[in-house]
Every structure is written in C-alpha cells, then in structure tokens.
Amino acid sequence: MNTMKLSLSTRRYTRALLCLFCPLWLGGIAPVVAEGSRVIATGGASMIEGSAGGGIVPWAVINGYGSSDEWSATAMATGVYVDDFTLKVMGASLSYDNRFELSLARQTFDLDTLGGELGQDIVGFKYKLAGELLYTAMPQITLGAQYKKVDDFSLPQAVGARDDWGLDIYAAASKVFFDTVAGRNLLLNATVRATKANQTGLLGFGTEASNDYHFMLEASAALLLTDNLALGIEYRQKPNELGFAREDDWQDIFLAWFINKHLSVVTAYADLGCIAGFEHQQGWYLSLEGAL
C-alpha cells in the first residue's frame, strides 16, 4: 500500500516537474549570470509561507536581489506531493533596501485520500535588524511575522482548534561561511518561531485546552556546490497540541538551482511525518520562483 502511495506521489511530482521545465526548454533558457546589485542566490527562495528562505524554513535573507534604495519583487508557485495530501502554494513578495520584505501566500491543501480541501492566506513581514549574510562577522539577523487565516473553520474546529487565525513571530539568523567544505561555501540558518498554529495553521490555531504560544526551533544548512547550485537540509520543529492525531516535526533535503537572478527552481524530498492521523507522509517538493 505504501509503495502504491509513493508511486502516486512520485507520478504527481513528475508531472509537475515536466510542467515547470517545459517553458524553459521551449524558451531555450540557459543558465547565465544576470545583472543585479547582490550576489546570486543571496535572496534564497520562497518558502511555503511566502517568506524568503528555504522550502519549509524562513531564513534571515530578504527576497530578491535589490540592495540599498532598490526594490525587488518575486512571484512563486510551489507544490508539495506527499502520500495522502497535496499542498499547493501561490505567492508574491516585495522588498526594499535589502531591509524590508512584505509577502503574500495562498495555500490550498488537498485531502487526496479523505476528499475535500483546506485553504489558508498568509501575509508576512520581515525586517533586517543587523549584520550581513556575506561580509561581516555578525550573521544577518531578521525579525518576521506571518498573519494566517484559514478559509473554512469547520474541520479545524471539529478536531479541536480554538481560532481560525493566528500570528507567528520569528527571529532568524543566517550566515555564509566561505571555503568551509572542500573549498565550497556553506550557509547556516537558525530560526526561533513563536506559534499557536496546528499543522502550520491549516488545522487552525490553539486548542480548547491551551491558547499559549510555543517556541519552536528551525534550522537549515546549504552547501553551494557552484555559485548558483545549492544542496541542503532543513528541519522544522512543530507543536503537538491537537489530541485527535499526532503532529510531527518536518524535514527535507533540497536542491536549489538559481538559473539566474530572475529565475530559480527548488526541488526537495520531504518527510512531514504524521498528518491528521495519516502516518509517514513523505514525498516531493517543487517550487519555481521568478524575481525582478
């Protein structure tokens, strides 16, 4: 049965991969170094909640490649295809001065086995407090917030959630260490998040028994194999408050290709653990981002 589910998620991922890459092949786009004020890959990608980062963890970086007094805008489409669920995300962000970031994300969570879907809108804000990603001893440190609101509270309320909206607040520190592994650069990121979200908010916020914030740790490490190709891992700790089913921490192994400063692709293998009583939710992650 698990093999059949894995094959199904792999087929869905393969179709999504082909859909994403066909325009590149048809358009004859080749990896090039584009113009811009910041070094390629320093804007990271767009994570599933719309903020700049990896796939499941927000980093301290500001999206795009705008530097002092410059604007940058991004748009992204992401799919996460695990055994019994599919998460689709559409999002966009705007940044200024490599210091402020505003992001919007729309999540649709398809309940492939149960039937139906859940939806959530997320508005994010990030502010760079201090440091630099590349050239200072101090890591780049940012403070961020993500306001989340679910569409339909019926199912989250039925499984014990208290509210249909919530606010995550996080602090992140990111730093690139030069010539660290076999002469290649290594990015390390650590994030602390205060949250009441159940399954990142898709199953509501808080519970009838507790409305307290929980402090969760998140971490990422990415080795730059080349200037525009990164191989990394991420780990995201999550609360486990709903009584009807266990909620596990998330993790992934990703490969990010920054084709140029206007286009990037991230693919990953994700382990999301138990979701709503369905064990061993593992599968593929694929994200395409465009930047101006």
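Q: In the hairpin of β5 and β6, which residue takes a positive phi near 90°?
A: This hairpin has five residues between its strands. Strands (E, at least two residues) and helices (H or I, at least four) are DSSP runs numbered from the N terminus. The residue with the positive phi near 90° is G115.

Q: Which atoms do the side-chain values use?
A: You are looking at a predicted model, in which local features need pLDDT of at least 70, side-chain atom pairs count only at pLDDT 80 or more, and totals for chains, interfaces and linings use all residues. Residues are numbered from 1 along each chain as its sequence is written; with hydrogens and water left out, the side-chain values use heavy atoms.

Q: How many bridges pair β5 with β6?
A: Two strands pair if DSSP finds at least two bridges between them. β5 and β6 (residues 117-130) run in the antiparallel sense, and L104 stands opposite V123 in β6. The number of bridges over which they pair is 11.

Q: Is Q199 buried or exposed?
A: Q199 sits in the loop between β10 (184-195) and β11 (205-207), and its phi is positive, near 50°, although the residue is not glycine. Most residues other than glycine have a negative phi. Buried means under 20% relative accessible area, exposed over 50%, and partly exposed in between (1.4 Å probe, protein chains only). Because its relative accessible area is 6%, Q199 counts as buried.

Q: What is the relative accessibility of A276?
A: A276 belongs to the loop between β15 (263-271) and β16 (282-291). Its phi is also positive, about 50°, in a residue that is not a glycine. A276 counts as partly exposed because its relative accessibility is 25%.

Q: What separation do the C-alpha atoms of L255 and L229 have?
A: L255 is part of strand β14 (residues 250-260), and it is partly exposed because its relative accessible area is 34%. Contact means heavy atoms within 4.5 Å; leaving aside neighbours within four places in sequence, L255 is in contact with residues including L225, L229 and V265. L255 and L229 lie 26 residues apart along the chain, and their C-alpha atoms are separated by 7.3 Å.

Q: What percentage of the residues of the protein chain count as buried?
A: The chain has two helices and 16 strands. Among its contacts between residues at least 6 apart in sequence, 58% join residues at least 24 apart. Of its 292 residues, the share that counts as buried is 52%.
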